Amino acid sequence: MPGFFTLLFAALGILLAARDPRRLLPGVLLTLAASALVAEVAVFILGVGLVLATLTVPGNSVVSLVLIFSIPLLAAVGLGVALLANGVVMIQREGRSLANRLSLLAGVGVLAILALGIVAVTAGWFELAVILLLLAAPIGYVGMGFVAYLCWSAVYARLARRAPAPAAIVTLGSGLRRDGSVPPLLAQRVALGVETLQRSSGAMLVVSGGQGADEPRSEAAAMAEYAGELGAPANRLLVESASRTTEENLTLTRAILAERGITGPVLAVTSDYHAFRAATLLRTLGMPGHAIGARTARYYRPSALLREYLALLRDHLVLNAVALGILMLPLIAFVAISLITLFAD
């Protein structure tokens, strides 16, 4: 039977999700509830398995323990290798920017921590083993948050598709080719925006995006041209061409809609990996509405999702800095005591 905290986290998560799903907290609570339930089931199965193994053949319990603890290790190795492989593909197809290297760096980090742990245990390096153990809390905080983000953003994507008809559809820009044409990533966004417009009688379509330093025209101008080619009526099309960030996309669009007396919920249209963060910004800005995402290539998603998660952490910088600072206190104390002891000797 689920424990008290499992039920508590689940109930709070469902309650908060019903009030407003455009934040990560319901996902965190539901992820904690699911993790607690899995842990309870695993402990039960482990206990039963060890008892049966001990009763049948002496020594089987040791084999069972080795197998059980090997599974998470192998899973972590597999994750690290998969991230490395994806990072190589990203660099080959998208270039060597830091954003495109995120999955590669994450893979290196996972494998490096595992390697250090193995070295610390086999070589008997007590201090290194303790440091890695104390790093489990802050790493777990970031890792659990990422799992919650992945799971809840997938749930939110389904909820957003069922949102009421919007008063305005806002397609967010994402960069142009050097010749000023619309690249595939942005084309998917515009196509979804036009498709949604055709299903939403009376709604306006706003294309939003300014001109970057390496772009010959604004993203909004190129998007408006492409939307027209896809069948968007000119009298239902508005252009916002001054924004540089997602927050500016939404803020400046709100001003344009207010000038024209357009009220009601908006529907932000972006890429699938970016939709949840766009929704959180809608909530932060006090704008009613939701965000949906156009599909992107599978190889592109891991780095893009890591980038979006880091942006979410940055959006709540004070909260996350305080939490990580508290979780790092035992490590800081251990390092300080070790240094004092070393210099004292």
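**Strands, crossovers and salt bridges in a predicted model**

Let me begin with strand E2, where Met204, Val206 and Ser208 point one way while Leu205 and Val207 point the other way, and all of them are buried, a word I use for under 20% relative accessible area, with exposed meaning over 50% and partly exposed lying in between, for a 1.4 Å probe and protein chains only.

Residues are numbered from 1 along each chain as its sequence is written, and side-chain values use heavy atoms, with hydrogens and water left out. When I name helices (H or I, at least four residues) and strands (E, at least two), I mean DSSP runs numbered from the N terminus.

Strand E2 covers residues 204-208 and is mostly covered, with five of its five residues buried. Which strands pair with E2? One is strand E1, residues 168-172, which pairs with E2 in the parallel sense over five bridges, and another is strand E3, residues 237-240, which pairs with E2, also in the parallel sense, over four bridges; pairing here requires that DSSP finds at least two bridges between the two strands. To place these on the structure, Ala168 has Met204 as its bridge partner in E2, and Ser208 stands opposite Glu240 in E3.

On the E1 side, strands E1 and E2 pair in the parallel sense, and the chain crosses from E1 through helix H7, residues 184-199, to E2 in a β-α-β crossover that is right-handed.

Let me move to strands E4 and E5, which pair in the parallel sense over six bridges, with Ala268 standing opposite Ala291 in E5. The chain crosses from E4 through H10 to E5, and this β-α-β crossover, too, is right-handed. Why is E5 described as largely enclosed by the rest of the structure? The reason is that six of its six residues are buried, and of these Gly289, Ala291 and Gly293 point one way from E5 while His290, Ile292 and Ala294 point the other way.

After H10 comes Gly286, whose phi is positive, near 75 degrees.

I turn now to charged pairs. Side chains of opposite charge can pair when their charged atoms come close. I call a pair a salt bridge when a side-chain nitrogen of Lys or Arg is within 4 Å of a carboxyl oxygen of Asp or Glu, and by this rule the count comes to eight salt bridges.

Are the partners Arg22 and Asp20 buried or exposed? The side chains of Arg22 and Asp20 meet at 3.1 Å, N to O, and Arg22 is buried because its relative accessible area is 10%, as is Asp20, with 15%. Asp20, Arg22 and Arg283 are, moreover, linked in a network of salt bridges.

By contrast, Arg260 forms a salt bridge with Glu259, the closest N and O atoms being 3.8 Å apart, and here Arg260 is partly exposed at 47% relative accessible area, while Glu259 is exposed at 64%.

One further pair is Asp272 and Arg301, whose side chains meet in a salt bridge at 3.3 Å, N to O. This pair links distant parts of the chain, with Asp272 in the loop between E4 and H10 and Arg301 in helix H11, 29 residues apart. Asp272 counts as partly exposed because its relative accessibility is 26%, and Arg301 counts as partly exposed at 29%.

Notes:
Predicted model: local features only at pLDDT ≥ 70, side-chain atom pairs only at ≥ 80, totals over all residues. Right-handed = clockwise from strand over helix to strand, strands pointing away.
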